[in-house]
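Me: I would like a close look at a single part of this model, with the criteria spelled out as you go.

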Amino acid sequence: MKKKIMMLSFIVLPFLITGCGSEKTLTCTKETVIDDLKTTEEIKVSYKQDKILKISQTTIEEMDPDVIDTTIDFGESFASAFNDIDGFTIKYSKENNNAVKYEMTMDYRKMDMAKLKEKFGDDWNDEEFTKAKDMNIEEFKNEQLAGYTCK
């Protein structure tokens with residue numbers, strides 16, 4: 001009986017320690033320059049056993065200093081429509097005198113898809129939005145992260 005318990009513990013213990021596969025994060029970056037204005041993007045994709053759990057994107061975009069405050073105001077107005085939905089956050093802020101920082105997180109484990117559809121009605125394209133949620137990590141890299149450097 002002791003041998004059976006010992007053997008069972010050797011089989012079960014690795015799964016208990018690792019949680020049946022640990023959560024991993026893929027970090028991808030991209031920098032573009034248009035008309036001497038630089039945009040830097042970083043996308044972090046959290047996944048477990050090849051299933052996407054959360055996507056976080058941070059974008060810093062250089063722009064004419066005269067339009068930064070208007071851009072932030074417009075962005076925050078847009079973000080307010082999403083920020084009261086669990087699992088979804090968008091934030092705009094002034095990075096410096098000539099750049100705006102945009103941060104967005106979609107946590108599919110917490111996101112209330114029914115509330116999104118209810119809030120946006122016919123304007124809501126459920127299939128397009130949930131596409132990333134239903135992809136495995138390799139599909140997401142190939143379809144959504146072309147041109148990014150990932151590690």
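How many disulfides does a search of the whole structure find?

Reply: The search of the whole structure finds 1 disulfide, the term being used here for a pair of cysteine sulfur atoms within 2.5 Å. This is a predicted model, in which local features need pLDDT of at least 70 and side-chain atom pairs count only at pLDDT 80 or more, while totals for chains, interfaces and linings use all residues. Residues are numbered from 1 along each chain as its sequence is written, and side-chain values use heavy atoms, with hydrogens and water left out.

The disulfide joins Cys28 to Cys150, with an S to S distance of 2.1 Å, and the link of Cys28 and Cys150 is right-handed, with 110° about the S-S bond. Cys28 belongs to strand β1 (residues 24-34) and Cys150 to strand β6 (residues 149-150), so the pair ties together parts that are 122 residues apart in sequence; strands here are DSSP runs (E, at least two residues), numbered from the N terminus. A disulfide is, in general, a covalent bond between the sulfur atoms of two cysteines.

As for accessibility, Cys28 is buried, at 0% relative accessibility, whereas Cys150 is partly exposed, with a relative accessible area of 30%. In these terms, buried means under 20% relative accessible area, exposed over 50%, and partly exposed in between, for a 1.4 Å probe and protein chains only.

Methods: Helix = DSSP H or I, 4+ residues; strand = E, 2+ residues; numbered from the N terminus.
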